[in-house]
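Let's walk through this structure together, one step at a time. Have a look at the whole chain before we turn to single residues.

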Amino acid sequence: MPKPKTRKKPVYTPPQTTQQVKVSPRWLAPVMVTCWIVGILWIAVYYVAPTAPLLGTLQNWNLLVGFAFIILGVILSTRWR
């Protein structure tokens with residue numbers, strides 16, 4: 001007669017969770033919004049005045065700089081709680 005199958009490990013009990021609420025650093029939200037605004041303004045100013053002193057030398061790389069600021073803002077927004 002075959003032996004009945006028994007459980008080798010005890011029943012899983014999840015670990016105790018703490019009720020601590022994670023809080024974002026105070027600097028995160030202002031830096032996040034600032035990155036978005038700087039990125040949008042950088043692209044907008046490049047389209048309005050492409051021969052501006054700093055913007056003129058970068059030419060189409062200005063789009064990369066603007067989008068980099070915007071993407072940095074999005075990355076920071078994933079850390080916001």
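The chain holds 3 helices and 0 strands, where helices (H or I, at least four residues) and strands (E, at least two) are DSSP runs numbered from the N terminus. The chain is more spread out than a compact globule, because its radius of gyration is 26 Å, well over the 12 Å that the globule rule gives for 81 residues. That radius is taken over C-alpha atoms, and the globule rule is 2.2 Å times the number of residues to the power 0.38.

Before going on, please keep in mind that this is a predicted model: local features need pLDDT of at least 70, side-chain atom pairs count only at pLDDT 80 or more, and totals for chains, interfaces and linings use all residues. Residues are numbered from 1 along each chain as its sequence is written, and side-chain values use heavy atoms, with hydrogens and water left out.

Along its principal axes, the C-alpha trace spans about 90 × 35 × 15 Å. Of the 81 residues, 15% count as buried; buried means under 20% relative accessible area, exposed over 50%, and partly exposed in between (1.4 Å probe, protein chains only).

Now let's visit helix α1, which covers residues 28-48 and includes Leu-28. Leu-28 counts as buried because its relative accessibility is 2%. Which residues does Leu-28 touch, leaving aside its neighbours within four places in sequence? Leu-28 is in contact with Leu-76, Arg-79 and Trp-80, contact meaning heavy atoms within 4.5 Å. Leu-28 and Gly-73 are 45 residues apart in sequence, and their C-alpha atoms are 9.6 Å apart in space. For the chain, 64% of the contacts with a separation of 6 or more are between residues 24 or more positions apart.

Next comes the loop between α2 (53-58) and α3, the place of Gln-59. With a relative accessible area of 55%, Gln-59 is exposed. Its phi is near 50°, a positive value in a residue other than glycine. Most residues other than glycine have a negative phi.

Our last stop is Asn-62, found in helix α3 (residues 61-77). Is Asn-62 buried or exposed? Asn-62 is buried, since its relative accessible area is 0%. A polar atom of the Asn-62 side chain lies 2.7 Å from the backbone oxygen of Leu-55. Setting aside neighbours within four places in sequence, Asn-62 is in contact with Leu-55, Trp-42 and Tyr-46.

Note on methods. A polar contact is a pair of N or O atoms within 3.5 Å; within protein, one must be able to donate a hydrogen and the other to accept it, and residues adjacent in sequence count only if both atoms are side-chain atoms.
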